[in-house]
Amino acid sequence: MIKLYYAPGACSLAAHIVLEELGTPYEIVRLDLTSGEQRKPEYLAINPKGRVPLLVTAQGTLTESAAILAYLADSKPEIGLLPADPWERAQALSFVAWCSGTVHGVAFASVFRAARFADDETAQVAVREKGQRDVRLNLAEIEKRLAGREWVMNHFGIADLYPLIFRRWAARLGVEMADFPELVAHAARVAKRPSVARVLATEGIRIDA
Ligand SMILES: N[C@@H](CCC(=O)N[C@@H](CS)C(=O)NCC(=O)O)C(=O)O
């Protein structure tokens with residue numbers, strides 16, 4: 001059976017939601033990132049990157065959210081979590097890749113994990129400050145993308161999951177959410193889906209804190 005290693009509220013939330021949307025059986029294994037379980041030898045043995053998500057499939061292990069989300073969506077194309085049309089599909093993947101690489105990997109990581117970007121503590125303060133500004137600039141881009149739309153693409157799909165995660169992380173950073181009404185409304189729509197509500201309950205998290 002497919003297995004997901006995740007941490008509550010981490011970017012692995014997206015893969016967790018897709019697994020629940022698919023409706024096929026899966027197992028989850030929870031890691032506590034704050035106590036450093038992701039760096040324990042037993043986990044590094046299966047994922048040398050020391051991060052979540054990690055998907056364990058019959059074919060082997062898979063890391064990187066963008067690839068995991070596309071792989072899972074393609075495992076049941078009839079559900080339509082990734083558009084079939086090549087252009088639409090590329091647009092959805094472009095959005096997911098930007099969320100994963102730039103918004104998460106640069107902006108949020110600069111705030112949450114400044115030590116990745118600088119050894120020096122004074123430099124880390126500057127990295128965090130820049131990250132705080134970049135988060136707001138990136139959220140403003142997502143806000144524009146969502147304006148007047150229900151979903152990132154024409155239908156709910158994998159492209160809608162990072163905005164939900166970012167809405168939660170932004171609240172935790174103290175971002176003034178009133179500045180991002182489209183993002184807040186979109187996250188509320190996503191959270192209303194029964195699969196998402198189940199996953200939030202399982203992970204023990206809320207979207208606004
Ligand atoms: N590029 C990876 C990033 C994965 C990642 O950074 N995950 C975070 C949680 S959101 C993590 O495991 N952090 C643990 C650490 O940095 O020690 C992806 O998109 O899957």
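Which residues of α7 are buried? Keep that in mind as you open the structure, which is a predicted model.

**Stop 1: helix α7**

Select residues 181-192, the twelve residues of helix α7. Colour L183, H186, A187, V190 and A191, and you have the buried residues of this helix. They sit on the same side of α7, because the arc they cover around the axis is only 135 degrees. At 1.5 Å a residue, α7 should span 16 Å, and the 17 Å between its end C-alpha atoms agrees with that.

**Stop 2: the largest nonpolar core**

Next, pick L139 and F166. Within the largest nonpolar core, which has 58 residues, these two touch the most other members. Elements that each supply at least two residues of this core include β1 (2-6), α1 (12-22), α3 (65-75) and α4 (86-112), as well as α5, α6, α7 and α8. The most comes from α4, which gives eight residues.

Zoom in on L139 and show what surrounds it. Setting aside neighbours within four places in sequence, L139 is in contact with F166, A170, V175, F180 and L183.

**Stop 3: a serine in α4**

Move to helix α4 and select S100. Is this serine buried or exposed? S100 has a relative accessible area of 17%, so it counts as buried, the cut-off being under 20%. Beyond its neighbours within four places in sequence, S100 is in contact with G105 and Y162.

**Stop 4: the sheet**

Finally, show the strands as a cartoon. Four of them form an open sheet with mixed pairing, in the order β2-β1-β3-β4. At the edges are β2 (26-30) and β4 (60-63), each of which pairs on one side only. On average, neighbouring strands in this sheet are turned by 20 degrees against each other, ignoring direction.

Take a closer look at β1 and β2: they run parallel and are joined by five bridges. Select L4 and you will find it opposite I28 in β2. Then bring back α1, which lies across β1, β2 and β3 (54-57) and runs at about 150 degrees to β1.

Note on methods:
Residues are numbered from 1 along each chain as its sequence is written. This is a predicted model: local features need pLDDT of at least 70, side-chain atom pairs count only at pLDDT 80 or more; totals for chains, interfaces and linings use all residues. Side-chain values use heavy atoms; hydrogens and water are left out. Helices (H or I, at least four residues) and strands (E, at least two) are DSSP runs, numbered from the N terminus. The expected span of a helix is 1.5 Å times one less than its number of residues. Buried means under 20% relative accessible area, exposed over 50%, partly exposed in between (1.4 Å probe, protein chains only). The arc is that of the directions from the helix axis to the C-beta atoms. A nonpolar core is a set of buried Ala, Val, Leu, Ile, Met, Phe, Trp, Tyr and Cys residues joined through side-chain atoms within 4.5 Å. Contact means heavy atoms within 4.5 Å. Two strands pair if DSSP finds at least two bridges between them. Axes are lines fitted to C-alpha atoms, for helices over the stretch in contact, and angles run from 0 to 180 degrees between N-to-C directions.
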